[in-house]
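Take a look at the chain below. We will go through a few of its parts in turn.

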Amino acid sequence: MNEARELIGLSVADLPTPALLIDVALLERNLATMKDCMGAGKAVYRPHTKSHKSPLIAKMQIAHGARGVCCSKLGEAEVMAAGGVDDIHITTPVVGRDKARRLARLAGRGRVSVVVDSADNAAELSVAASALGTVIDVLIEMDVGQGRCGVAGPEQALAVAEAVKRAQGLRLKGMQGYQGKLQSMVAYSGRRDAVRAALDKLLQGAQALRDRGFTVEVLTGGGTGSLAIDLEFGGLTELQPGSYVFMDSTYRRIDWNDKAARTPFANALSVLAGVVSRPLAGRAVLDVGWKAASSDSGPPVLKGDGTPVEFAGDEHSLVTGAAASALKAGSKLELIPSHCDTTVNLYDRYHVIRNGVVEAVWPVAARGRSD
């Protein structure tokens with residue numbers, strides 16, 4: 001804590017590297033832009049906290065109109081609840097007796113919903129909720145193309161809905177259909193067609209439930225890359241964008257609309273790197289390797305011109321060619337990660353920067369909560 005306080009007021013150039021930075025003015029702009037995008041439409045937004053893992057940022061999102069948050073895992077949800085967030089949807093099935101008990105306890109602290117895709121899981125959650133006298137809101141997850149969790153079609157959705165209906169302590173609220181693979185498709189037309197196909201499958205499942213007499217109050221899904229398309233089509237009552245708060249180099253490449261415009265959200269997240277060696281005129285060695293920046297979507301890029309760096313091991317990466325010419329040992333530069341979510345999970349804290357100076361240090365509170 002003392003170390004964090006000592007960082008307040010430092011210029012970016014004086015920070016030890018590697019360091020995870022938030023340009024707070026750009027973060028605030030992204031929050032305002034999302035609020036403007038949603039406007040007074042029929043859908044609300046419930047942003048994913050897996051992008052930032054911070055109750056502080058979650059509460060900023062709620063202050064900008066979000067209806068609660070999404071969490072990928074129960075552990076993340078527990079951190080959000082401990083940080084004062086009281087409306088949480090868990091987007092992955094919570095399986096196992098111990099986790100079911102933890103979920104039931106969490107449901108006693110605020111509004112909590114979770115997806116299920118099997119009758120067995122519904123029964124397990126029911127036992128836990130009944131034992132503690134709590135009620136868990138349940139959404140049936142449908143596989144709309146992700147090839148991951150979710151029932152395969154309307155008949156399977158009906159079978160799970162019947163199981164939820166019979167279960168004490170559970171309340172069926174609706175359905176979830178998420179297609180993450182399409183979020184970063186570059187071509188707008190292909191992404192739009194894929195979003196339509198995923199939505200149609202979810203709507204078919206919802207209609208099957210309604211035809212059988214079930215109330216489907218919530219239809220949730222979508223993400224940052226499909227935001228404009230989801231709003232155009234309608235159908236979803238809740239949208240789950242996550243990366244918009246920070247953005248990354250992958251999302252910056254996609255066509256936002258049919259005019260090939262770029263996303264309206266800015267790169268608010270970066271990794272501050274230091275040059276540790278200049279062995280050749282055309283090579284600068286940075287202290288950011290696989291342990292300090294995500295690699296699942298490719299290497300980070302230089303902030304400003306977008307030049308990719310080259311990973312050179314656990315602790316190193318390279319800037320080569322003309323981009324290296326202006327650098328010397330001791331230089332510092334910012335990198336835009338290719339995937340903000342997985343980069344954030346590598347750090348314990350954010351350095352919150354305004355006008356080039358550290359304004360605050362925020363913990364990455366849910367870092368490592370994969371349970």
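## Asp-137 in its strand

Asp-137 sits in strand β6. The model is predicted. Is Asp-137 buried or exposed? Its relative accessible area is 4%. The cut-off for buried is under 20%, so Asp-137 counts as buried.

What does Asp-137 touch, leaving aside neighbours within four places in sequence? Its contacts are Arg-111, Val-112, Ser-113, Val-114, Arg-171 and Lys-173.

## Helix α7

Helix α7 covers residues 154-166, which is 13 residues. At 1.5 Å a residue, α7 should span 18 Å. Its end C-alpha atoms lie 19 Å apart, so the two values agree.

Which residues of α7 are buried? They are Ala-157, Leu-158, Val-160, Ala-161, Ala-163 and Val-164. An α-helix has 3.6 residues a turn, so residues three or four places apart point the same way.

## Where α5 meets α6

Helix α5 spans residues 97-107. It packs with α6 at an angle of about 45°, and the axes are 8 Å apart. That angle makes α5 oblique to α6. The crossing of α5 past α6 is right-handed.

Which residues meet here? From α5 come Arg-97, Ala-100, Arg-101, Leu-103, Ala-104 and Arg-105. From α6 come Glu-124, Leu-125, Ala-128, Ala-129 and Leu-132. By class, this contact of α5 with α6 has 7 nonpolar residues and 4 charged ones, with no polar residues.

How values were computed. Residues numbered from 1 in each chain as written. Predicted model: local features only at pLDDT ≥ 70, side-chain atom pairs only at ≥ 80, totals over all residues. Heavy atoms only, no water. Helix = DSSP H or I, 4+ residues; strand = E, 2+ residues; numbered from the N terminus. Expected span 1.5 Å × (residues − 1). Buried < 20%, exposed > 50% of the residue type's maximum accessible area, 1.4 Å probe, protein only. Axes fitted to C-alpha atoms, helices over the stretch in contact; angles between N-to-C directions. Parallel < 35°, antiparallel > 145°, perpendicular 65-115°, else oblique. Left-handed = near helix turned anticlockwise from the far one by under 90°. Contact = heavy atoms within 4.5 Å. Nonpolar A, V, L, I, M, F, W, Y, C, P; charged D, E, K, R; others polar.
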